[in-house]
Amino acid sequence: MAHREIVVPGKTTQGTRDARISGAQLAERLGKLDPKGRIIGVVLDGETRESLFDARSGQAAVPASTTKIVTSTAALTALDPAARITTKVVRKGDRLVLVGGGDPTLSSRERPEDYPGPASVAELAKKTADALKAGGTNGVTVDYDASLYSGSVLGPGWKPTYVTEGSVAPISALMVDNGRVAPNPCEGTLPAVQDGPKRATQVFVNWLNRYGVQASVGRPGSGEGGRPVADVQSPTVSALVEHLMDCSDNEAAEALARQVALKKGRPASFDGAARAIRDVLQSLGAAQGVETQDGSGLSPLNRITPLGLAKMLSTNVSGDRKALRTVITGMPVAGFSGTLSERFLGTQGAGVVRAKTGTLNHVATLAGVIQHKSGRLLTFAFMANGAADLNAARSTLDAMATAAATCDC
């Protein structure tokens, strides 16, 4: 294992010596937690990017949901962090067309209270009903347009059971409630619907009827050339990044990956998004060690090195691109929030480690930032592939992150 010592300028220990984070001592401590060397990983000084611990960090592995670090970094680089995704209704002749812009957080609730304040189908229906009645129209058929996205609705290598078990919905430019049968809170999963665009249109039609317009669901169609009637907008890109990092929202990750593709002039498909993200990472100088096939990390075909992730996180915490810090602020806090709310409990890592988790069959990963007791901010990535016992693997990852935070070295 490689290691180097990092001198912390201006800080002292025992009143006399410059504070040091000893790579040798940290490597020894972390090595004892994984004596068989099954975990690959790295710990870097967040400012200098110098290595404090290295266990085959250049070896690519299945990253699982730590892929969302890559997707979020690309989105905040390519897109305006204040940009929003629009869902709209247009009129073509005597019919309406509900046009999806790629916002999976669009809510079926009348007054959604979920963070980060999703757009509401009910609000869109109210605006539409008011416009129709003002023009003397009291009945209408609603077609639907989800043509913004192309290609497969399931990612490369995705198991078909991902949809039936509620891990993800078929990816579409038009869906409500993340494509689920009901509003899907951050901390739970619900079965996905097979036809997201039709379900979204049915919800919209139901609200139109409640607002006094007799409406029915039509057929798939194009909204191109239609006259604008009403629209609603998603939370900002930065708010969506915080949300998807905290909740590990797969649909939101895939949506932002496609927004990057559209921005870069590529097809809004899995392949187009993967290529666009790579283009963005190359412009950042952060593409080395990163090969992705989807935006969420559900694909077992993704390959990322721990060093690639840790270096990317060092870029995110630097002051060079302040928008990228949202990747860090969105990360769950150990023992307190998101996918880490039930982990690190009763350990010294609680409240100190911020990290993105990742889990697939036989895969456990953890990558994030650590406030070391010396005051240094560290970035890290640990990956366990081929894990026979996922609970044991996760516990080891947590112990390694805690050790890096609390090492008296």
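Guide: Leu309 touches Thr66, Ile69, Val70, Ile304, Ala367, Ala381 and Met383, leaving aside residues up to four places away in sequence; contact here means heavy atoms within 4.5 Å. A word on the source: this is a predicted model, where local features need pLDDT of at least 70 and side-chain atom pairs count only at pLDDT 80 or more, while totals for chains, interfaces and linings use all residues. Residues are numbered from 1 along each chain as its sequence is written, and side-chain values use heavy atoms, with hydrogens and water left out.

Leu309 also belongs to the largest nonpolar core, a set of 43 residues in which Ile69, Val70, Val260 and Leu309 touch the most other members. Such a core is a set of buried Ala, Val, Leu, Ile, Met, Phe, Trp, Tyr and Cys residues joined through side-chain atoms within 4.5 Å, with buried meaning under 20% relative accessible area, exposed over 50% and partly exposed in between (1.4 Å probe, protein chains only). Two or more residues each come from α2, α6 (237–247), α7 (250–263), α8, α9 (306–317), α10 (325–329), β13 (363–371) and β14 (377–385). These names are DSSP runs numbered from the N terminus: helices are H or I with at least four residues, strands E with at least two. A second, separate core holds 31 residues, among them Ile21, Leu378, Ala384 and Leu397.

Now to a pair of helices from that list. Helix α2 (residues 67–78) packs against helix α8 (residues 270–284) at about 75°, their axes 9 Å apart; axes are lines fitted to C-alpha atoms, for helices over the stretch in contact, and angles run from 0 to 180 degrees between N-to-C directions. The two are therefore roughly perpendicular, the word for 65 to 115 degrees (under 35 is roughly parallel, over 145 roughly antiparallel, the rest oblique). On the α2 side the contact uses Val70, Thr71, Thr73, Ala74, Thr77 and Ala78, and on the α8 side Ile277, Val280, Leu281 and Leu284. By class, that contact has seven nonpolar, three polar and no charged residues.

The loop between β3 and β4 holds Arg49, a residue other than glycine whose phi is positive, near 65°. Arg49 is partly exposed, at 36% relative accessibility. Arg56 sits in the loop between β4 and α2, and its phi is near 50°, again a positive value in a residue other than glycine. With a relative accessible area of 41%, Arg56 is partly exposed. For background, most residues other than glycine have a negative phi.

Terms used. Nonpolar A, V, L, I, M, F, W, Y, C, P; charged D, E, K, R; others polar.
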